Amino acid sequence: MQKIKDIPKVDRPRELFIQKGADALSKSDLLAIILGSGIKGKNVRQLSEHIIRRFSKNFLTITVDDLLEISGIGQAKALQIISAISLVKRFYEENKDRDVVIRNSNDAFALTYDLGDKKKEYLICLYLNARNVLIKKDIVSVGLLDKTLIHPREIFYPATKLNASSIILVHNHPSGNSIPSEKDQRIVARIVQAGEIMGVPVIDFIIISENKHYSFYLNLKDSDNGLDYVSDGIQTTLFDLLEIDKPLYNANIQKINRPYPLFLKARADTFQLHNRRYLGNKYKLLGFIEDIVIEKCNSIKSFCDIFAGTGVVGERFNKPEIRVISNDFLYSNYVCLRAFLGTSINVRDIAEKIHYLNNLQVEQDNYFSEHFGNTYFSLENARKIGAIREEIEKIEKIEEVKNILICSLIYAIDKVANTVGHYDAFRKDLDMLQPIKLLVPDIDYLNNGNNEVYKENANILIRQITCDVLYIDPPYNSRQYSDAYHLLENVAQWKKPTVEGVAKKMDRSHIKSLYCLKNAIQAFDDLIKNANCKHILLSYNNTGDSKDGRSNARMSDNDILQILLNKGEVEIFERDYKAFSTGKSNGDGNAERIFYCKVN
Ligand SMILES: C[S@@+](CC[C@H](N)C(=O)[O-])C[C@H]1O[C@@H](n2cnc3c(N)ncnc32)[C@H](O)[C@@H]1O
């Protein structure tokens with residue numbers, strides 16, 4: 001008998017495993033490692049081969065007694081084998097109903113590694129949902145892979161039927177070399193482009209040979225960003241990595257320049273939701289937006305303003321028969337949205353508290369005056385703001401009332417801030433010297449019965465809501481709202497953080513918007529794919545370019561159109577408009593656009 005030590009070291013199961021990994025071993029070699037040693041007359045490899053041959057069909061159901069029938073196998077070896085089988089079965093049972101999430105090329109490879117043994121060429125498609133969970137694994141073709149034989153229809157027709165959000169393709173090279181050939185590269189480019197047009201992006205194309213695999217994704221991606229297909233919440237696709245030119249889309253732009261009257265002024269000693277300076281607010285465009293909704297969306301029952309800012313757009317649709325969903329990820333906006341759209345309290349009862357806060361006697365410095373006195377505010381106003389905010393914290397335990405009082409303070413602050421309407425900087429000459437005065441909000445609380453108000457990342461919230469009309473008004477450029485309104489966040493949260501720099505900003509790293517970054521388009525794509533609604537209105541302004549580049553739009557018309565056209569029919573409406581801006585970069589002659597999409 002040949003003893004195991006007579007086999008050259010490189011061919012022994014354990015050495016093979018160490019050098020090439022478990023996938024390179026045969027079943028009998030794997031069993032040999034579990035058994036560890038042979039029996040009289042059979043080395044461990046011969047013994048394993050014998051067991052695998054004898055029970056090949058029903059290996060997973062063998063019993064201890066079956067194994068004891070093999071001469072030389074005692075109870076210890078039989079228990080070793082059955083325990084290994086039971087352990088695998090147990091894990092399999094526990095996991096079989098769980099979602100199979102494909103995070104990276106290794107996960108995809110684990111589902112398709114058996115292609116390495118095939119003698120013919122296969123093309124396999126993994127269809128994934130929006131969370132990268134496997135919906136289906138399918139064979140697309142068997143036989144030579146050829147671009148003339150593979151039609152994108154064979155891949156993308158099932159993808160649309162399965163409602164797949166993305167796909168991964170896996171192909172094998174029986175030759176043993178996993179490096180992509182020129183033919184592979186041409187096929188990949190063609191399929192990736194088709195995926196982009198169909199709105200089902202190709203995340204990866206993997207080539208498997210006997211013991212190796214090659215991932216286009218891994219080889220194209222900047223490895224500093226990790227191995228996973230999704231990083232920082234963004235799904236990168238081969239289309240982005242291959243930098244293929246996008247197809248060009250056309251849509252007619254309809255100009256609307258009808259005049260729209262503005263609302264009545266607030267009653268004395270009250271304030272309205274729009275009485276505040278806010279970058280990108282749509283107060284003066286409400287008529288334009290409403291006209292499109294009236295013309296395109298029949299008898300709506302719900303309206304979602306998912307980047308609500310001041311909330312004026314949602315408020316325009318706040319009627320007893322319409323459920324308004326209003327959301328903004330800034331806390332300072334959330335408290336105001338709650339106050340105006342999410343409260344059932346009659347605010348007249350709050351007038352007394354506002355009167356009390358206005359009459360607080362303040363002489364001492366506090367957190368707010370120490371940091372913001374003689375900068376954004378006169379010292380007296382800063383002391384008063386700090387004292388009022390502290391008092392609200394002390395006297396008010398009912399959250400709904402507290403929101404209204406903080407909202408009243410935020411609006412009062414805006415009236416006495418020595419700024420051009422945001423807190424990136426304060427003006428040199430302190431000329432806002434009138435004393436701060438809180439007013440009572442003019443809230444139509446009777447309409448608020450069904451409304452929902454959230455403080456969520458829009459891309460998370462979108463997965464949890466349904467609505468008739470989804471109104472999307474994201475930031476257009478690289479200016480982060482958390483930078484512009486850090487001071488109001490500070491007041492609203494009242495955690496008294498340390499502040500830095502001339503502009504006295506607190507840490508805002510947790511409230512950065514993806515829509516201000518380079519990959520805004522991926523965030524938008526994700527938002528639209530997950531939108532459960534009948535109509536989409538997107539406000540987006542691509543028409544102005546600034547010298548410093550900070551005001552330039554993050555998404556091109558073509559990108560927007562491509563994403564919306566995958567969801568339904570699209571029309572563009574445009575209106576000449578001079579936005580409230582920082583005063584520097586947005587010149588005259590800008591136009592404001594609404595992309596309207598009737599969802600299929
Ligand atoms: C252009 S403004 C909206 C203006 C609003 N329509 C109005 O009339 O006041 C964009 C808003 O989106 C919010 N925002 C930015 N990124 C967000 C995100 N990922 N999720 C939720 N809100 C976000 C900002 O705080 C900002 O208030």
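**Group meeting talk: a walk through the model**

Let's start with helix α20, which is mostly covered: 7 of its 8 residues are buried. Buried means that 20 or more other C-beta atoms lie within 10 Å of the residue's own; exposed means 12 or fewer, partly exposed is in between, and C-beta atoms are placed from the backbone. Helices here are DSSP runs of H or I with at least four residues, strands are runs of E with at least two, and both are numbered from the N terminus.

A word on the source. This is a predicted model: local features need pLDDT of at least 70, side-chain atom pairs count only at pLDDT 80 or more, and totals for chains, interfaces and linings use all residues. Residues are numbered from 1 along each chain as its sequence is written.

Back to α20. Which of its residues are buried? They are His486, Leu487, Leu488, Glu489, Asn490, Val491 and Ala492. These buried residues pack against α13 (331-341), α15 (367-372), α16 (379-395), α17 and α19 (481-484). Contact means that the C-beta atoms of two residues, placed from the backbone, lie within 7 Å. After α20 comes Trp494, with a positive phi near 55°.

Most residues other than glycine have a negative phi. Lys504 also has a positive phi, near 55°. Lys504 sits in the loop between α20 (486-493) and α21 (520-529). It is partly exposed, because 17 other C-beta atoms lie within 10 Å. Next, Asn163: its phi is positive too, about 60°, and it is not a glycine. Asn163 lies in the loop between α7 (152-161) and β3 (166-172). Buried or exposed? Asn163 counts as exposed, because it has 11 C-beta neighbours inside 10 Å.

Now the whole protein. It has 22 helices and 17 strands. The C-alpha trace spans about 105 × 55 × 45 Å along its principal axes. Its radius of gyration is 32 Å, whereas a compact globule of 600 residues would be near 25 Å. That radius is taken over C-alpha atoms, and the globule rule is 2.2 Å times the number of residues to the power 0.38. Of the 600 residues, 37% are buried. Among contacts with a separation of 6 or more, 72% join residues 24 or more positions apart.

On to the cores. A nonpolar core is a set of buried Ala, Val, Leu, Ile, Met, Phe, Trp, Tyr and Cys residues joined through C-beta atoms within 7 Å. The largest has 98 residues, and Leu409, Leu470 and Leu537 touch the most other members. Helix α17 (residues 399-416) gives the most to this core, with 9 residues. Apart from it lies another core of 33 residues, including Ile124, Ile187, Phe216 and Tyr217. What does Leu470 touch, not counting residues up to four places away in sequence? Cys304, Ile306, Ala531, Cys533 and Ile536.

Next, Ala130. It is in the loop between β1 (122-128) and β2 (134-142). Ala130 is partly exposed, because 14 other C-beta atoms lie within 10 Å. Beyond its neighbours within four places in sequence, Ala130 contacts Ser165, Lys529 and Asn530. Ala130 and Ser165 are 35 residues apart in sequence, yet 5.2 Å apart in space, C-alpha to C-alpha.

Last, the ligand. There are 23 residues around it, and Gly280, Phe307, Gly309, Thr310 and Ser513 come nearest. Near means that the C-beta atom, placed from the backbone, lies within 6 Å of the molecule or strand. The shell divides into 13 nonpolar, 7 polar and 3 charged residues. Here Ala, Val, Leu, Ile, Met, Phe, Trp, Tyr, Cys and Pro count as nonpolar, Asp, Glu, Lys and Arg as charged, and the others, Gly among them, as polar.
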